Each structure stands twice: as structure tokens, then as C-alpha cells.
Amino acid sequence: MCPTLPQLAIADFIQSGGYARHTRKVRLLYKQGRDHLIQCIKQHFPADTRISFPQGGYILWVELDKRYDTVKVYAQSKTSNVSIAPGTLFSATGKFRHCMRLNFSEKTASERAQGIIELASLIKQQDND
């Protein structure tokens, strides 16, 4: 059995429009974070980088040229405060080694920008390997 008081509070929050206001605010924040991350990627990543994102959610799928290895980028980025999900995590056969998934919901704009600069540096190091 669910407690009655929290259920009544949630029902009031929804009926009074609080939930609708909250979701509008969160959607705007996520859109701003997404747009900022895209701008940073376009500014710092290689020019042929492709970006896709779902209509909902808070992640981007980033596809680099096949010469780049995001598993290496992931391993190197662990020493900094930057985290990615290499594309191989989303394939049972090890595909998408040149892809990564990035989250834009957790960091501030300046932290996102600094993270992208760090990732871009790690990616560009592979040009010299």
C-alpha cells in the first residue's frame, strides 16, 4: 500500500500546474545544454565529426572519422574529470569504435566546454600516433 499523504501532495502538484511548469523548465535547460555541447563540438572536434541526438533525452551520439579510437579516448580521459561512453559499449560485435555518447545534463556550460576541449586534445593526439 502506498502512503496517502505523498500521493495527495503529488496530485496537488500536478493539478496546480507545478509539474507542467517543472517539465517546461527542464526541457529548456536540456535544450540549452544540448545546443551548447553541439556548438563546443563543432568548434573543437575535427571538422568531419557528425552529431546526432534523439528528440528526447540528454545525450548526443558523436561519430568521428574511423581513424579515431574512442576506446583509447575513454581510457585517457579517465585521469581527467571527463567521461564518455565509447561506441563499442552499444555493440555486441565491437562496432562503433570511432563513436561516442556524450551526456549534456550534468555539467555547467563552462565544465562542458572544458571537457570538450580536453576530449578534442585527446582525439587530435591520435593524429600523431
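User: Hi! Is F96 buried, exposed or partly exposed?

Analyst: Hello! In this predicted model, F96 is partly exposed, with a relative accessible area of 37%.

User: Where is F96 found?

Analyst: F96 sits in the loop between strand 3 and strand 4.

User: And which residues does F96 touch?

Analyst: Leaving out residues up to four places away in sequence, F96 touches W61, T70, G87, T88, F90 and S91.

User: You mentioned T70. Where does T70 lie, and is T70 buried or exposed?

Analyst: T70 lies in helix 3, which covers residues 70–77. T70 is buried, and its relative accessible area is 0%.

User: What does T70 touch, then?

Analyst: Not counting residues up to four places away in sequence, T70 touches L64, I84, P86, G87, F96, R97, H98, C99 and M100. For C99 there is a polar detail too: its backbone oxygen lies 2.7 Å from a polar atom of the T70 side chain.

User: H98 is in that list. Where is H98 found?

Analyst: H98 is in the loop between strand 3 (85–86) and strand 4.

User: Why does H98 count as buried?

Analyst: H98 counts as buried because its relative accessibility is 8%, and the cut-off for buried is under 20%.

User: What does the side chain of H98 make a polar contact with?

Analyst: The partner is the side chain of E63, at 3.4 Å. Setting aside neighbours within four places in sequence, H98 is in contact with V62, E63, L64, D65, K66, Y68 and T70.

User: New topic: how many disulfides does a search of the whole structure find?

Analyst: Zero disulfides turn up in the whole structure.

User: Are C40 and C2 buried or exposed?

Analyst: C40 is buried, with a relative accessible area of 5%, whereas C2 is exposed, with 51%.

User: What classes of residue are in the lining of the largest pocket?

Analyst: Its lining has eight nonpolar, six polar and six charged residues.

User: And how much space lies in the second largest pocket?

Analyst: The second largest pocket has about 190 Å³ of space.

User: Which residues line the second largest pocket?

Analyst: The lining is made up of V26, R27, Y30, K31, R34, F53, P54, Q55, G56, G57, I59 and F104. Helix 2 (residues 18–44) supplies the largest share, five residues. By class, the lining of the second largest pocket has six nonpolar, three polar and three charged residues.

User: Thanks, that helps!

Definitions and conventions:
Residues numbered from 1 in each chain as written. Predicted model: local features only at pLDDT ≥ 70, side-chain atom pairs only at ≥ 80, totals over all residues. Heavy atoms only, no water. Disulfide = S-S within 2.5 Å. Buried < 20%, exposed > 50% of the residue type's maximum accessible area, 1.4 Å probe, protein only. Nonpolar A, V, L, I, M, F, W, Y, C, P; charged D, E, K, R; others polar. 1 Å grid on protein atoms, 1.4 Å probe; cavity = no way out; pocket = protein on both sides within 12 Å on 5 of 7 lines; lining within 4 Å. Points joined across faces, edges and corners; volume = space filled by probe spheres on them. Helix = DSSP H or I, 4+ residues; strand = E, 2+ residues; numbered from the N terminus. Polar contact = N/O pair within 3.5 Å; in protein donor to acceptor, adjacent residues only side chain to side chain. Contact = heavy atoms within 4.5 Å.
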